[in-house]
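Me: I would like to go through this structure feature by feature. Please take the general idea first and the case at hand second.

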Amino acid sequence: MNRIEAVNDFVIKFANVNGSGSASANELFAKAIMRMGVPVSPRNIFPSNIQGLPTWYEVRVTEQGYLGRRGGIDMMVAMNPQTWDADVAELESGGYLFYDSTRPLPKEKFRDDIHVIGMPLTEICNAVYTDPRQRQLFKNIVYVGALSVLLEIEPEVIEKLFGEQYKGKEKLLASNVQALHLGRDFAKEHLQAPLGIRVRRADKVGERIFVDGNTAAALGCVYGGATVAAWYPITPSSSVAEAFQKYCAKYRVDPATGQNHYAIVQAEDEIASIGMVVGAGWNGARAFTATSGPGVSLMTEFIGLAYFAEIPVTIINVQRGGPSTGMPTRTQQADILACAYASHGDTKHVLLFPQDPTECFEHSAAALDLADRLQTPVFVMTDLDIGMNQRLCEPFAWDDSRPLDRGKVMTAAELDAGRDFGRYKDVDGDGIPWRTLPGTHPTKGSYFTRGTTRNSYAQYSERGPDYIYNVERLLKKFATAATLVPQPVLRPAAGRTPLGVIYFGSTSPAMAEALDALALAGVQLDALRLRAFPFPASVREFIDAHERVFVVEQNRDGQMHSLLVNELDVSPAQLVRVRHFDGTPITARFITQAIQSHVQARETTP
Amino acid sequence: MTYLTKPRLHHPTLEKNKVGYTRRDYEGKISTLCAGCGHDSISAAIIQACWELDIQPHRVAKLSGIGCSSKTPDYFLGASHGFNTVHGRMPSVLTGANLANRDLLYLGVSGDGDSASIGLGQFAHAMRRGVRMAYIVENNGVYGLTKGQFSATADQGSKSKKGVVNSDSPVDLVAMALQLGATYVARGFSGNKAQLVPLIKGAISHGGAAFIDVISPCVAFNNHPGSTKSYDYVREHNESVSRIDFISARDEITLDAAPGEVADVRQHDGTLLRLRSLHEGYDATDRHAALNFMQAHQARGEVVTGLLYVDPLATDLHTALNTSATALNALDATRLCPGAAALDRLNASLR
């Protein structure tokens, strides 16, 4: 029988029951491999449920550092009877099935072309532990122990991780180490080890850190100086606000007074969340909210107000599968148009597209600066794949000389000096007006903020010329934004090519792998990773420099494709849509195949 | 409304308050509301209250939603920053503004459509959170700008100008505010300025969420027989719980009433609310009694006005969140950004 043989290059999937304590054991497994210097890329695949429904944890072990989802499973740790059939069916031929053999299963429940490794996990745990909860929890550690033998993961590394996790909790530490060795001892004695797939110590991790995007975005908000956060719980964004709370408790409490340099409100809904952010931004505090698609839908009226009344707002949108409640625990990039043009009337908003947790950190901090500078809503368009999975990424970096860019705020001294204040007047030629904060001056600089039309001195007006001056200035401001946002990143092909590809956000790691694979197959592509909307001039130049440009994205309708066509007036025929939208993260295999088949089809048709 | 512009020059003999402002300095633009609108009387009461309280106008932020009532912040305190937000959502914007800068005074102006219909949720949650503000609902039971539809505060059985009888139960914002934890709850009548001015002064000086429901007849659409929000109806059915004098902390207190008739309530900032009881035994610091009293009278078709409830030692959302005494919008990068060294340590913990 065929046997998958691979060192530091395989995918292992854990099929568990939600709420069974498997998550921390599985994370331990992934971290141990990473500590051996081998990059890993784990992904949680979880239901909208607290206890009982199936959940999976897919770990890609990749010495080459391909952190996208690969597709295909080399080893299945099948711990959930509910999903057994599908889990077994998903294995690649020649792969490995590890399961709890306490209760015998009929032969037809297996496959002939896979290697089956049975271990009586329940029996082992029942013999050692009497407490039912312990039996359940330690079963997870026992299988990690067995896997460490089968895959040659160094036990010292796992013990060291236990030591860090249970520092000061010696009893827990000892019982976890015991469970680990329970699994190891059984495996050494009864199982055939190692398997054809193995881990071998390497040095491919370097200085990188292992963190999820939501934590990173929250930290970016702390570093970016956000003081007011208002939010409403929604998967997959809730952990942004929770991490912000955690980091504020650590970094933002005045040591002398014990008082908080932050305010966090869990609002009654997303409308109130964004309302509070608008109020705080109007009043000169840096404020943000974190939400997902349905939240953005609710916030839309306020987003229009913030656009028109020119109020700094930062929105972290951790996208999930839509429309409606959609796939709340699956990933998509399907809010692009909803955010780019949120609200009625002519509106356009600044969007940032982080590719990983490192950029979640950077873009969140940048969004707060941009919102103040541009006096407008700024979206950080992350997604569930980046937000809720730990990802190996470059360490966070901060320059202590970097100021908070508070934008154009006119002071009492400037007003006293006789500076003309027209709240909605373009005095600098960049479309960005000056603002004053409430309470600045006893007699000068006050104005009435409203969502209705006004003249450049903020006086109510329904005159056509006043309206046109204002909305055209907003367009000019948007053009200025294109020069201030994070610029696209070009990855040129080895040689000249008429083909280009545009991608963004969480597609990034799969794209990097696909580009390598395509190059090997003789398909050369210049690749441009978008990092923001409005599109800087270089995006148009990139498209113009190629005959055909693939636009790779994770939604049904090719929303980025539409945005490019709409905003840059490029011919839709020049852009080829590559869309992945089943709720799973896009894979290199998918991209490679889509582009390759398109290229081949063009070559065969004269 | 009038088209006459106000003279820009003030008469030199106009009386000034302790911070050097005349009453005129608290005015705003000319009202665009209908002549005789109750809302304009409320604006006048706000102007009077702020002048008497010696508040510098620019230290007030005035926020509103959408509707006739929400237009009024343009008509008073012209030197204050104002914010006409979106329909029914003033409370959240005010909450955020208040969190950003605790040093300003916050005046929230709304209407019955704005607060009891579209914005009922935000009204309720702002009360629950104890956002420090004076929240004034200019309640006329009708949509004015869209020409006469019932609002959610219209009484069951009351008749619209077109003769339609309202079959829905009314939302009673005062009862809700009492239930939801507002720490200063009052009802006023735009036609009774003597009562309204001290109510507003007490609300502005209050340390927590202060709510005033002001019955404010709509002369265009809800001032006819059959309406329970008309001038005539409210005058005939007004049942005041007390007469109220507002005494600032600086003013000497001289008692000029017989003992037993007067209840003094001193607020956190030292200001004194002197309540002359018009109903024997009415205790304005008893939340449950207030609710009972009001609802019993309401069942008889009476409109209870006055200061219904006050918790003189109320605290606010900032207390609950333990925010710094320095306004959050005044904190600089050194106090907000943990810096590169802390980040390096954090990176190390993520490997």
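**Reading the strands, the sheet and the interface**

Reply: Start with a pairing that crosses between chains: F448(A) has G82(B), in β2(B), as its bridge partner. The model is a predicted one.

Me: How many bridges join β17(A) to β2(B), and in which sense do the strands run?

Reply: Three bridges join them, and the two strands run parallel. On the chain B side the strand covers residues 81-84.

Me: What is the strand order of the open sheet in chain A?

Reply: A sheet is read by listing its strands in the order in which they pair. In chain A the order is β11-β10-β12-β13-β15-β14-β21, an open sheet of seven strands with mixed pairing. Its edge strands are β11 (263-266) and β21 (532-533), each of which pairs on one side only. At the β21(A) end, β14(A), residues 350-352, pairs with β21(A) in the antiparallel sense over two bridges. Within that pair, L352(A) stands opposite A532(A).

Me: Turning to chain B, is β8(B) mostly covered or mostly open?

Reply: For a strand, count the buried residues and then check each face. Strand β8(B), residues 209-215, is mostly covered, with seven of its seven residues buried. One face carries A209(B), F211(B), D213(B) and I215(B), the other A210(B), I212(B) and V214(B), and all are buried.

Me: Which strands are joined to β8(B) by bridges?

Reply: Strand β4(B), residues 133-139, is joined to β8(B) by seven bridges, in parallel. Strand β7(B), residues 184-189, is also parallel to β8(B), with six bridges.

Me: What unit do β7(B), α7(B) and β8(B) make?

Reply: They make a right-handed β-α-β unit, in which the helix α7(B) covers residues 193-205.

Me: Why is Y231(B) classed as partly exposed?

Reply: Y231(B) is partly exposed because 18 other C-beta atoms lie within 10 Å, whereas a buried residue needs 20 or more. Y231(B) lies in helix α8(B), residues 231-237. Leaving aside neighbours within four places in sequence, Y231(B) is in contact with G191(B), P217(B) and N223(B). G191(B) is 40 residues away in sequence but 7.4 Å away in space, C-alpha to C-alpha.

Me: What confidence values does the predictor give the complex?

Reply: Where pLDDT is low, the predicted coordinates should not be read in detail. Chain B averages a pLDDT of 91, and 95% of its residues score at least 70. For the complex, the ipTM is 0.95 and the pTM 0.96.

Key
Residues numbered from 1 in each chain as written. Chains lettered and ligands numbered in written order. Predicted model: local features only at pLDDT ≥ 70, side-chain atom pairs only at ≥ 80, totals over all residues. Buried ≥ 20, exposed ≤ 12 C-beta atoms within 10 Å, placed from the backbone. Helix = DSSP H or I, 4+ residues; strand = E, 2+ residues; numbered from the N terminus. Pairing = 2+ DSSP bridges. Right-handed = clockwise from strand over helix to strand, strands pointing away. pLDDT = per-residue confidence, 0-100. Contact = placed C-beta atoms within 7 Å.
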